[in-house]
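I opened the model today and kept short notes on what I looked up. The entries follow the order in which I went through it.

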Amino acid sequence: MAYVAIADRDHEHELHDPHTFITKYVWSQDHKVIAIQYSLTAIFVGVIALLLSGMMRLQLAFPDSFSFIAPQDYYQFVTIHGMIMVIYLLTALFLGGFGNYLIPLMCGSRDMVFPFMNMLSYWVYLLSVIILLTSFFVPGGPTGAGWTLYPPQAVMQGTPGSSWGIILMLVSLGVFIVAFTMGGLNYVTTVLQARCKGMTLMRMPLSVWGIFIATILGLLAFPALLVSAIMMTLDATIGTSFFMPAVLEAGMQNDHEGGSPILFQHLFWFFGHPEVYIVALPAFGLVSDILACHARKNIFGYRQMVWAIVAIGGLSFIVWAHHMYVSGMDPYFGFFFATTTLIIAVPTAIKVYNWVLTLYEGDIHLRVPMLFCIGFIFTFIHGGLTGLFLGNVVVDLPLSDTYFVVGHFHMVMGVSPVLVVFAAIYHWYPKITGKMYNETMGKWHFWFTFLGAYSIYLPMHYLGILGVPRRYFSYGPTEFIPESAQAMNVGITYSALFVAAAQILFFVNMFMSLRGKKSDPNPWGATTLEWRTPQHPPKHGNWGPSLPTVYRWAYDYSVPGAAKDFISQDEPAAPGAEGFDPEHPNG
Amino acid sequence: MFVAIVVVLLVIGSLIFHFASPWWFTPIASNWNMIDTTVDITFWVTGIVFVLLNLFLAWCVLNFRHKKGRKAHYEPENKKLEIWLTGITTVGVVAMLAPGLIVWGDVVTVPDDAMEVEAVGQQWHWTFRYPGNDGDFGDVDPRLISVANPFGMDPDDPAGADDVLVYSPEMHLPIDRPVKVLLRSKDVLHNFAVPQFRTKMDLVPGMVTYQWFIPTVEGSYEIMCEELCGMAHHTMRGEVVVEQQADFEDWLGSYPTYAEVLARAEPDAEAGKMSYMACAACHGQNGEGNPALNAPKLTGLDSWYLKRQLQHYKSGVRGSDPADALGMQMRGMAMTLVNEAAIDNVVAYIGTLPDVPVVATIEGNVDRGRDLYQTCVNCHGAQGQGIWAMNAPRAAGMSDWYTANQLRNFRDGLRGANPDDRYGRQMAQMAQMLNEEAEINDLVAYMNTLGQTQLADANAGRRFE
């Protein structure tokens with residue numbers, strides 16, 4: 001039997017509207033509800049991670065002043081802060097949150113292809129979060145091995161949480177990966193199989209492209225983390241020696257022989273580097289759509305943007321060992337990985353040019369989402385350029401393991417994606433809630449967050465150039481570190497606490513606005529399908545009786561000859577206002 | 001409009017910060033000037049891009065912000081511009097990568113005439129080994145590591161006999177001579193980094209890694225561990241002293257070779273008994289201590305620890321600070337031990353004395369003490385029994401008033417402040433966490449609860465080398 005596309009079988013599809021509160025909001029199979037569940041959970045753990053970073057900053061500014069921050073506590077805060085931010089917040093929020101909400105709506109689908117599995121994905125994710133948080137309450141507390149969990153120390157005495165904490169961490173990661181896989185298969189299948197009529201791949205909004213490629217990266221990269229988590233669990237519990245060589249543990253010979261700690265690092269970073277792009281690519285996609293919409297201009301170089309996303313995704317699998325230049329691996333690998341790493345700068349730079357060129361000759365509305373996008377471009381330029389230092393093997397040598405690294409990765413995969421998260425939440429808030437947020441409060445939130453964050457991370461780079469190592473509980477008397485560096489640490493801490501407190505504005509705005517004034521179904525005049533749902537906010541099934549049909553790409557803003565300054569994707573061609581179609585670029 | 005101005009101000013501010021802030025590389029003390037050059041090139045290329053892109057961004061926002069009647073220009077693609085931008089970016093990347101790879105070629109090529117030194121990392125100390133006259137290191141095996149053989153030397157390998165063993169976190173190097181530092185770890189990952197030399201490399205248990213450089217400036221530099229290695233990672237410091245060849249040779253000659261370590265005479269406890277008569281006046285006939293005379297209990301202490309402290313007193317590392325009157329008193333007594341053998345002998349005699357339980361004199365909040373002790377446990381052991389491999393002496397079952405005094409001394413800089421007291425310095429850093437008087441009492445009160453019988457077991461067979 002010949003294959004019939006899902007969009008052409010819509011009439012066979014019976015929608016079972018949920019009727020009870022439980023099926024509607026708790027055991028929901030609706031991608032929009034699941035997206036909100038994912039997002040709220042991710043933001044909740046994100047706040048915990050933010051509080052942990054506040055504790056770290058207190059210790060760094062005022063060493064040994066707080067009896068609740070001993071060295072072991074500090075390293076536990078460092079570890080759990082990093083792990084939550086990278087995995088349980090950003091990965092979950094971009095893919096489980098935005099991926100879930102936007103893919104079916106932007107592709108013109110009724111829902112994800114496997115709604116039940118989608119629901120399961122969230123609940124398993126929640127389980128992984130609970131396991132992670134449980135580790136705060138077990139003997140010894142959570143692991144303090146650093147978010148990279150390097151063996152042998154992760155499972156040896158001398159590291160906080162080396163008995164219970166590390167096992168719970170590894171189990172939680174395993175459970176998270178199960179959740180991610182169920183969600184991820186859904187996102188990929190939905191993008192490939194459930195797009196509505198006319199929505200060709202080259203007409204998809206860049207948000208979907210970013211999330212789609214990021215999900216593929218995740219499906220290929222997370223298994224490396226899963227096997228290394230399993231192998232380390234076996235090393236720690238039944239005494240295998242995958243990563244454990246014969247060493248001394250608290251002065252006693254251990255029972256292992258011949259394991260390779262560097263093998264773990266290869267596996268970890270084979271996951272860990274694509275992970276950077278699992279977070280970055282959705283951010284790239286979302287920011288492209290928000291920029292185009294609020295600049296009332298087509299995204300510049302759409303096809304190049306798509307291919308850049310694909311190229312970055314592909315290259316991200318052959319650069320992992322740039323995290324390991326000083327790990328003790330064969331130093332000759334440095335030539336290869338420095339080259340691949342700097343090559344990846346080219347498509348990344350092209351994306352930045354195209355964002356700025358999208359603003360060029362635009363009609364820029366400086367609303368809150370646009371401000372966050374501009375903030376993102378600035379911090380991403382900064383973070384991207386410092387990446388060229390660390391990617392170039394010999395330049396990395398003096399900077400590796402210093403605060404330069406901390407400054408770099410927070411700028412590029414902390415501040416930048418988070419600014420996009422805020423841009424996206426403000427941009428889609430009217431769609432998700434049907435209400436409009438408070439613009440003034442949003443602007444203050446932007447200014448405090450953007451300027452505050454820059455004042456945290458810019459100086460950190462210079463501490464690193466000075467040679468101040470990262471992951472130090474305190475510096476004690478160290479000859480080459482001047483007093484002024486400690487003064488800077490105090491300043492950074494004040495900025496960090498200020499930025500953390502400023503987030504209250506965001507939460508107040510989000511909650512208060514739920515009772516605020518109703519929003520228009522398409523307040524920004526956006527072209528993409530999610531703004532064309534028959535109900536506002538969209539109901540279960542998204543599209544009412546029939547699916548939309550797409551006639552154009554997602555960037556027909558300010559088309560010459562058109563009546564309005566945007567043409568929605570599902571509006572048929574109008575004579576005299578022919579837009580560009582990446583499907584038929586030459587007309 | 002405001003945002004455009006802010007972006008411009010941020011660019012200017014970043015440049016001012018870059019040029020005006022006092023934080024820059026430490027003055028270089030090795031041959032790796034080329035590394036600094038590649039950093040400079042990278043700063044120029046990325047700096048120009050940073051300024052141009054952000055100024056263009058600000059200009060766009062300023063110029064094309066929404067006004068009534070403005071319409072955006074519809075331009076989906078511009079092939080020519082896109083090709084140009086890709087080309088220019090590629091040129092910039094090559095300008096950074098090419099010199100980087102050339103210098104990396106030097107970094108991975110160790111000169112044939114480089115002298116070899118081995119830096120051994122362990123939680124949370126450094127020790128060093130020099131290959132001796134034959135230029136070859138003897139085999140080592142982590143399974144052979146013990147109190148008597150902390151390097152894990154293989155006694156059957158003749159190449160090891162002339163290896164010079166420096167069991168101290170201090171390494172010396174001759175100036176202007178290429179050196180290849182072989183890196184070995186006994187337990188977890190560590191990293192050997194000297195900011196003034198610019199290079200660094202991880203130590204990986206189970207394998208030997210390396211780095212090379214030529215020290216070019218005389219002086220002493222701090223070795224930082226820059227790979228997270230457990231909860232005392234930040235206290236894992238060492239020192240490298242760069243000096244003239246002759247000074248280096250003198251220094252190296254002051255350390256024993258492995259053969260000399262093996263040939264050392266067994267200490268003579270009988271001879272030590274004679275010397276101990278002087279100690280007995282304060283510390284008691286059986287080394288049980290006497291609080292009235294401020295003399296702590298000695299029995300039950302590991303011999304390596306007693307020996308190190310006696311040496312410290314003798315050389316003035318301990319007991320030279322006028323603020324530490326009791327320490328000065330002890331220093332005078334330690335001077336009567338004429339040489340290393342005399343110290344060994346008296347330590348051996350103390351080892352023959354019975355370990356009698358002490359009477360607790362300090363009370364405090366045991367629960368809070370238990371929490372505080374979590375910071376101490378990794379070195380001093382769950383029972384406070386001390387762990388030789390961590391260079392951590394027994395902490396429980398000793399004179400508690402003395403322990404409390406020493407914690408205070410460590411915290412307040414009366415002990416561990418001397419730069420040559422390398423292990424004391426670590427403890428001083430740790431003692432900073434005791435910021436209330438009551439915390440010291442709580443901690444010591446908890447240590448008083450650690451079982452003495454278990455203590456005796458834990459130390460059985462350990463006390464004597």
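This is a predicted model: local features need pLDDT of at least 70, side-chain atom pairs count only at pLDDT 80 or more; totals for chains, interfaces and linings use all residues.

**Entry 1: one leucine.** Setting aside neighbours within four places in sequence, I found A:Leu132 in contact with A:Tyr88, A:Met169 and A:Ser172. I then looked up where A:Leu132 sits, and the place is helix α4 (residues 115-134) of chain A. Is A:Leu132 buried or exposed? I noted it as buried, because A:Leu132 has 24 C-beta neighbours inside 10 Å and the cut-off for buried is 20 or more. I also checked A:Leu132 against A:Asn254: the two are 122 residues apart in sequence, and their C-alpha atoms are 28 Å apart in space.

**Entry 2: nonpolar cores.** Next I looked at the cores. In soluble globular proteins, nonpolar side chains tend to be buried together. Here the largest nonpolar core has 306 residues. Which residues have the most contacts inside it? I wrote down A:Val287, A:Ile377 and A:Ala423. Helix α3 (residues 71-107) of chain A gives the largest share of this core, with 24 residues. I followed up A:Ala423 and, not counting residues up to four places away in sequence, listed what it touches: A:Val287, A:Ile290, A:Pro369, A:Phe372, A:Cys373 and A:Phe376. A second core is separate and has 16 residues, including B:Cys279 and B:Leu298.

**Entry 3: where the chains meet.** I then turned to the two chains and found 93 residues of chain B in contact with 104 residues of chain A. Among the elements that give two or more residues to chain B's side are α1 (2-20), α2 (33-63) and β9 (219-225) of chain B. The most comes from α3(B), with 14 residues. By class I recorded 50 nonpolar, 28 polar and 15 charged residues on the side of chain B that touches chain A.

**Entry 4: domains of chain B.** I noted three domains for chain B: domain 1 (2-65 + 79-108), domain 2 (115-263) and domain 3 (269-459). I looked up the C-alpha centres of domain 1 and domain 3 of chain B, and they lie 55 Å apart.

**Entry 5: a sheet in chain B.** Last, I traced an open sheet of 5 strands in chain B, in the order β3-β2-β1-β5-β8, with mixed pairing. Which strands are at the edges? They are β3 (164-166) and β8 (209-213) of chain B, each pairing on one side only. Neighbouring strands of this sheet are turned by 25° against each other on average, direction ignored. I checked strand β5 (residues 179-185) of chain B and found 5 bridges joining it to β8(B), with the two running antiparallel. B:Val181 stands opposite B:Gln211 in β8(B).

Key: Residues are numbered from 1 along each chain as its sequence is written. Chains are lettered from A and ligands numbered from 1 in the order in which they are written. Two strands pair if DSSP finds at least two bridges between them. Helices (H or I, at least four residues) and strands (E, at least two) are DSSP runs, numbered from the N terminus. Axes are lines fitted to C-alpha atoms, for helices over the stretch in contact, and angles run from 0 to 180 degrees between N-to-C directions. A nonpolar core is a set of buried Ala, Val, Leu, Ile, Met, Phe, Trp, Tyr and Cys residues joined through C-beta atoms within 7 Å. A residue is buried if 20 or more other C-beta atoms lie within 10 Å of its own, exposed if 12 or fewer, and partly exposed in between; C-beta atoms are placed from the backbone. Two residues are in contact if their C-beta atoms, placed from the backbone, lie within 7 Å. Domain bounds come from an automatic or database domain assignment. Ala, Val, Leu, Ile, Met, Phe, Trp, Tyr, Cys and Pro count as nonpolar, Asp, Glu, Lys and Arg as charged, and the others, Gly among them, as polar.
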